[in-house]
Amino acid sequence: NPIILPTATAGLPYGPQDISGFAKSPSGAALTYSLVPGTGPTPMWGALTADGKFTGTPAVANVGVDTWTVSVTDGGNTITTKMQITVVKRAPVWAVDPIVLPDGTAGFPYPVTDISSKASDPDKAPLKFSIVAGSGPAWGKLSADGKFSGSPLVANLGLNEWKVQVSNGFSSATATLQVNILKSAPVWSKNPILLPNAQAEL
């Protein structure tokens, strides 16, 4: 007491979970199960059959620990107990993996690039983005709203990779972010180059 059932996911069908094994009749009489009216989460979800099978589909509003009072009777005696199910949100999803961004140039700031459109939440919850600590070169930065930026160095030439995470506050998902860093092109110190005057031969 309480009966703790496996975790449920908001928006997805749950069960059937059989709770009949949690009660027995010393006399061997058949048992009948039910949810006690007026108990349970708000909004209410779930149903319990007379033979002890619980099913239902929780909503996002049910995220957390949901508790019901359940009763069992042998036709003459009735007892109750609590039943609990933890409801979690569905994880956000990345539309692509890896996320390949345009090339950058060593020694120059990388243009701020928004990757927030690459992820979505099944329940339209707000999302927060981050780089998984220690997963890539230190120059890369990712803001909570999904904007990538930074200033690569010559030491970062080649393919740079990070593990990026998106979270809805309950569940998270990771993907690989890739940026190729190129050497900067040579530059002329003067353009045009003006040389000293030449004298034509007579």
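In strand 16, Tyr 110 finds its bridge partner in Gly 150. The model is a predicted one, in which local features need pLDDT of at least 70 and side-chain atom pairs count only at pLDDT 80 or more, while totals for chains, interfaces and linings use all residues. Residues are numbered from 1 along each chain as its sequence is written, and side-chain values use heavy atoms, with hydrogens and water left out.

Strand 16 (residues 147–150) and strand 12 run antiparallel to one another and pair over three bridges. Strands here are DSSP runs of E with at least two residues, helices are runs of H or I with at least four, and both are numbered from the N terminus. Two strands are said to pair if DSSP finds at least two bridges between them. Another residue facing strand 16 is Thr 113, which stands opposite Phe 148. Phe 148 is also the bridge partner of Leu 142. Strand 15 and strand 16 pair in the antiparallel sense over two bridges. These two strands form a hairpin with four residues between them, and Gly 146 in the turn has a positive phi of about 95°.

Put together, the three strands make an open, antiparallel sheet in the order 12-16-15. Its edges are strand 12 (110–114) and strand 15 (141–142), each of which pairs on one side only. In a regular strand the side chains alternate between the two faces of the sheet. Buried means under 20% relative accessible area, exposed means over 50%, and partly exposed is in between (1.4 Å probe, protein chains only).

Next come the aromatic rings. The structure holds 11 aromatic pairs. One of them is Trp 45 with Phe 54, an edge-to-face pair at 5.4 Å centre to centre with 70° between the planes. Rings of Phe, Tyr and Trp (its six-membered ring) count as a pair if their centres lie within 6.5 Å; planes under 30 degrees apart are stacked, those over 60 are edge-to-face and the rest are tilted. Trp 45 and Phe 54 are both buried. Trp 45 also pairs edge-to-face with Trp 68, at 5.3 Å centre to centre and 80° between the planes. Trp 45 sits in the loop between strand 4 (32–35) and strand 5 (47–48) and Trp 68 in strand 7 (residues 64–73), so this pair ties together parts that are 23 residues apart in sequence. The relative accessible area of Trp 45 is 4%, so this residue is buried; Trp 68, at 0%, counts as buried too. Ring pairs link Tyr 14, Trp 45, Phe 54 and Trp 68 into a cluster.

Most residues other than glycine have a negative phi, and most peptide bonds are trans. Gly 15 and Pro 16, however, are joined by a cis peptide bond with omega of about 5°, and Pro 16 lies in strand 3 (residues 14–18). Another cis bond joins Asp 97 and Pro 98, with omega of about 10°; Pro 98 is in the loop between strand 9 (93–94) and strand 10 (99–100). Lys 124, a residue other than glycine, has a positive phi near 65°. Lys 124 is in the loop between strand 13 (119–120) and strand 14 (128–131) and, with 75% relative accessibility, counts as exposed.

As for the protein overall, there are zero helices and 18 strands. Along the principal axes, the C-alpha atoms fill a box of roughly 130 × 25 × 20 Å. Of the 202 residues, 31% are buried.
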